Structure formats: structure tokens, C-alpha cells
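Me: Hi! Could you walk me through the aromatic contacts in this one?

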Amino acid sequence: MLSVPIIGRVLRQLTRVKKSRSSSEATLSVEHVPPGYEYEVFLSFRGSDTRNNFTDCLYRGLRNAGVHVFLDNEELRVGKEIGGELLKALNKSQIYIPIFSQNYATSSWCLREVAHMVECTSKSNGKKEILPIFYDVSSDDVKLKTKLYRKAIQRHKKKFGSNALKWWEEALVKVAHLKGWNLKGKCHGELIELVVGEVLCKLNTRNVDVPEYWVEDHRQIEDILEKLEVDSDDVCFLGIHGIGGIGKTVLAKVVFNKLSSHFEGVCFLNDVRESSQHGLVNMQKKLLASFVGPVLADVIKDIGDGMKWIKRVCHTKKVLIVLDDLDKQEQLKKLAGKSDWFGLGSRIIFTTRNLEVLMTQVESSGEEVLNQPKGILAYEAHAMEYGRALQLFCKHAFRRDSPLEGYDNLTKEIVRRVGMLPLAVEVIGSFFYCQSFALGKHFDKRKLWEGMLKQLDDGPFKDVRDALMISYEGLENKQKEVFLDIACLFTNKDQTYPIIMWDNCNYHPHLAIGVLRQRSLIKIGCDNKFWMHDQVRDLGRHIMREEYPRKFSRVWIYNDAIELLGRKQTNQDVEVLSLTSDGCSRDIVPEELAALPNLRFLRVKGIEFIGNFENLVLKLCWLSWEVMHNKFCAKNIHFVSLVVLDLSGSNIEDNWDGWSQFQMTKNLKVLDLTRCTKLTRTPDFSDFVSLEVLILSDCKLITIDGSVGKLELLNTLNIEGCKYLGQLPALHSSTQIVRDSSTQIFTDQECFKNHLRELLYIQKAALSFIEKFSVPWQPR
């Protein structure tokens, strides 16, 4: 309960708000808003005119296209002061769309919104824009050339004064002169498609990123565009093929960016070969989400269902789809099927190293569809022309378009030696750039280059692997360990957990990752995942298989892992073991784990530990055990170095005996319980004193133990999808909560704030009621 003094302060604050209301109602006072856009589009409309018809359809169309839209709930404004969420939304939106209707000017809220839009765009240096829609009025009505808006605005004069009216009128006239849309003569659906398409173009959401130092090969781009014949109504499939590292993906990206504005819908799917290892259903969902949004795309349940939905959504649309890095015919069949899946004029582009994919049957399965090409058009990507390869090398080696003085001949010779293969040119150039800093100003770097040229004489540089090996050999030992881990285990994986493991192994991961990025061996995507070109990844795996066949420190292939365990012989060299294979089942006995005393990473799925593990000591830093059964008890296994424990998808329950053993692991920093659907409450976390990341997403948790609030080092608590949670315990101030709309929970502090907010609303309503219905006292 709130004390009497607190209620008194609240009432005095309400009185001050009431006194200041008359001076602030006509304008939206600018308050501090953090930089960046929170909303991409702000919709301004008169609810009684368009909320339940045109505006609702436009809102859903934009959301389904992946646009973040602010839609104000007009009914909630009554009795509230202007500002708050509405003001923040206006200030933090990039595109404004006012929907002018018959009664738009009768709303002072709508007029203030338009005026604030004009103010925001005028101060944005062209970064913000207004796109008006004339719903059932003409631009002359909004320009105040007719009586419709003039009369409506005059009704506000008594309450807001002449200055406010003048401000609103000037804003309306300015907006009415902007290029927009008139609904007259168009159907709602047609206009909404135009608006969504224009918004996507304005936001540049259709373009994909190309490498920073790329040199565009105009000849190849023109050849591809000529093959595609964009003006033709045929549905065209084009496969760009060639060896790894020749630049197929970049060619596809440049073509995609040049053509995307000509199509109703577009989609660029990266790394299909790698991603499809986790199932083509996820790739089908990503493709469909590009056209209907992620929510509707989630209806896909299996591959057959996905094929039906893609055809159903796309068969009337002119679409541009790029599927990057296919290696099997099945991938093309399940993602793009046949030509009658898509509307006339559609273009399907894919890249591949496997010529077999080009033989996929894609012609229409129905004879009624005419004028369709037979089969797939093919374009072979070529090595860069010498001049462009030289420019690309200089961009990476010198950060300029031409060689430094004294390096002309050396540069030209190196470009020739690497065969003008783009990936080799990029990696070798980056290597020399990094070495320039390492050797200092007074060292004659030309001697280094001459030495490298002699080293390249030992073998042809047409093979990308040889080029990449030079960069690999320039790494320090700990950087090599990080590189090999990424190549064998973590390509396209989030970097958070690996960094924690490497830090525990004293590999200095942040420094190592920085060096690997500098030398173009890896990249970190916007999703925080490691990206490694497939040829670079294959290089690392080649090193493990061929360069160190006796050591064999990393075992990630299922059959190799089974063979290794079957030996039951002590192997001091094995550090990494991945034992996952769908449809296969194998148990692990104590002797097999005891034979690998230096194992630091173990990944198993659906595997059981059977036998007596008494007094078994494991030096594991990372244990990933998917689909673990509740009956397993780890009390006899001693995890002395464990920092990452991933039990995703396991069947553990509230009374699992294994908690007691893991609680003894004082250094545990990550605990991942994603999709542990039988877990309704968490254990006591008091002993997990080093825990930094706790993942509880998609669990059926009802309660989180209060001890989680005592974890001072906990910086991330993920409860996405925990829709049965009620209230969170009080957390440490440094803990960040990750949740989604399905997780409606509150901390103790939030509950107090909500309670206070409700009380304020009640007090406001009471004051408003008294003010409206009270009768002034008069003496008898």
C-alpha cells in the first residue's frame, strides 16, 4: 500500500500537470530521444474513418513485409497529456504516412501529428520523409483550397488559439504539395502494394551488402543481366557456377541489388548448403518470410507443406529470389521447385560449385503454362581480368587503387601467381597489409614480398588452399587453435559461447578473432555469428585431416568419432569430440571417456552414459548434451573446468539428481536450458556464483528460483517463449532480460511501477469527473 505522504505528492503532481496542460496541448514539446530509429514507419489517421478498413490493411501489409510500424491507439488518448510514447514514436520514426480522410482535420491530434512530422523532417537533413495518402479527399482539400478542412480547423480556434491553427495550416499545405498517392480510381489492395513497395525501396531493405573493397566486374554483370532478360515475361532460372572463391556470391549480390526494384517481392538466402544441414524447413520459412513476414511463415510444418506454401504465395507474384551456394538438386527442388510456382517475369538465381544442380528439372509441370524456357540457364563465373584483380589486391594490401611506389613489379607478379582468383587475391593482399604493421616503419617490406614470391614458387597458386595456407602459417599458435575450432565446429555459429571457452583455455580470443578478421579468414555477421568462406573452412579441415593425421586433435565427423571411442586407448591429443547424428544411437561407457584425458569440448545428442563413472575426472570446458534423459545422474563425474553447459532440448525435470553435481562446478559461466519443456521450475542457483549467461527460452517454466537475483555476475537472462511465467524475482541491476511478446512477466520493481501507474490513472479520472460534474457553491 502507498503511504498518505506518497498519495499527497501524487495529487500535487496531478494538479501541476492540469495547470500546465492548456499551454502544452497545441504542440508536441521535443524531449530527449536516443539516436537511431525505433520505428521505420509512423501511420497518422482518423480512427473513425479508416482504422478498421484501409489503415488496418496497410498496417498488416507493412508488417508482413518486415517493416516496423507504429500504429497509435487513438482511443487511449482520452485524458492524457500529449507526449510520452506518441512523441517518442514521432521523433524516432523514419517515414511518416498521414492518411488524409474526410474527418482528419476534425482531430486536433491528427493536426498536431502532421505539424510535428513537418518539423522533424525539416531538421533531419533529408533522412526523414513524409509520404501522404489522399484517401477520400483531394490534395486541394488538404491545401485548404476548399471548405472541408478550413471549416474543420476553425472549430479548434477557441481551445487552441490562432497561433496553433496557423502552425497546423502551414503544415497541411506543405504536406499536400508532396508526392503521394490518391486512392481515387484504385482498389485498396492495389494502393497498399504500391505503398509497401515504395516504403521498402525508401528503407533500402531490398539491397544486400557487398564486400567493402570489392571491384565490380562490369563485363560479367552485363553478361548475367543479358541472360536474365528482365523485360521478358518468362519465368527464368539462372545458375552461376564455378570453383570456390571465384566470386559467384558477390556477382549474385550485385545483380540482386541492380534488379530488386523491378520486382514485387525479393529474397536473398545466404549459405543454403551450410544452413540446410539443419533442415530445409528453416530455409523454406526464411524464404516465405520475405514475402509474408515471419509470423505467417511459421505455418510451415514440414518440407512438403513448405513447398505448397511457397507456390501458393508466389505463383501470382513477380519475384526475384537468389539461393546462394547450393550443392544438391534437392535444395533447389524444395525451395524453388518449378517455373509455375512463380508469377510471370520472375527470376530465380542460384550459385553452385556442383554442376549437377544445373540439371534439375524446373520446367512447368502443367502444359497450360506457355512460353516457359526449358531447363536452367547457366553462367560460368570467370577469374577476374588482370587489371581488376590488380586493383582488388591493392585495395586490400595498400587500401588504395594502385600500388605504392617501389611495389609495382612485386604487386603485378603476386597477382599473376595467384591466378587472379578473387578470394586468393583478397586473402594474400590482407596478409601483406597486416604484415606491414607488424614489421614496423624501418623494415624493408619489399624483402618480405620477395621472400613470399620465392615461397610461392614451391607450388602453383591456382589452388585457393595454398593461398590461404600462407595466411594460416602467419598466425601464432593460439590463433591457429581458434581458427581450427571455427573451421571444424563454429562456422555460422554465434561467437558468445566459443569466446568464453577460449578465454578459459587462455587463447586470448578477442585478440585472435581480431587477427583472423584482419586477414580475411573470418567475418562476424550482423547476427553475431562467425562467417567463414567455404574454401577457408575446408582449408582448416584439410589441415586437421592431412597435415596432422597422427595428432587428430579435433574429431567432428560421426563415423570418425565412433571409431575413436571404439579403440578405448588413451589418446592425449584429442581435445574436441562431436558425436551427433540424427537417427543413430550409441551409448558411452566410462573407459571411452577416461581414454581422452585432455578433452575440452564434447558435443553429444541423444547419447547415454552407461556404467560406473565413479571418480571420473573430466577437464571439459564445454559440454553440449542435447536430448539428455532425466534418468542420467552426473554425481560420479567430476567436471573441474566446465564453463559452458548446454542441455538444450533435454528431458530433465524439476527433481533431476544431476543438478547437485553441476552446482559443484564453481567456474560455470553459461547454462543453456533452451527447450527443456519438462522443466517447470529452476533449481537453486546459489552455488552458480560465476554464472554470466542463463538461457531459459522456450521452456514451460512457472517459477524461477529467487536465488537468480543473487548472481552478481549474471549479465544475460533469456526467457523468450516462457509464456507460463508469472513474476520474476528481483534481479541484479546489471542483468539484462531478453524476452519477447509472449513472455508477459514483471520484476518486483516493474510491478510497483505498474501499480503506481494505475493509481495515477485513477486519480486523473477522478479529477476529470469532479471537474466536469461538480456544481459551483452558491449561498442561499
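Reply: Happy to. First, a definition: a charge sits over a ring if NZ of Lys or CZ of Arg is within 6 Å of the ring centre and within 35 degrees of the ring normal. The charged end of Arg 112 does that with the ring of Trp 109, 4.8 Å from its centre. Bear in mind that this is a predicted model, where local features need pLDDT of at least 70, side-chain atom pairs count only at pLDDT 80 or more, and totals for chains, interfaces and linings use all residues. Residues are numbered from 1 along each chain as its sequence is written, and side-chain values use heavy atoms, with hydrogens and water left out.

Me: Which ring does Lys 318 sit over?
Reply: That of Phe 263, with the charged end 5.2 Å from the ring centre.

Me: OK, ring against ring now. How many aromatic pairs are there?
Reply: The whole structure has 20, counting rings of Phe, Tyr and Trp (its six-membered ring) with centres within 6.5 Å; planes under 30 degrees apart are stacked, over 60 edge-to-face and the rest tilted.

Me: Why is the pair of Phe 54 and Tyr 135 tilted?
Reply: Because their planes are at 45°, with the centres 5.6 Å apart.

Me: Is Phe 54 buried or exposed?
Reply: Buried, at 0% relative accessibility; buried means under 20% relative accessible area, exposed over 50%, partly exposed in between (1.4 Å probe, protein chains only). Tyr 135 is buried too, at 16%.

Me: And what about Phe 601 and Trp 622?
Reply: They pair edge-to-face, 5.1 Å centre to centre with 65° between the planes.
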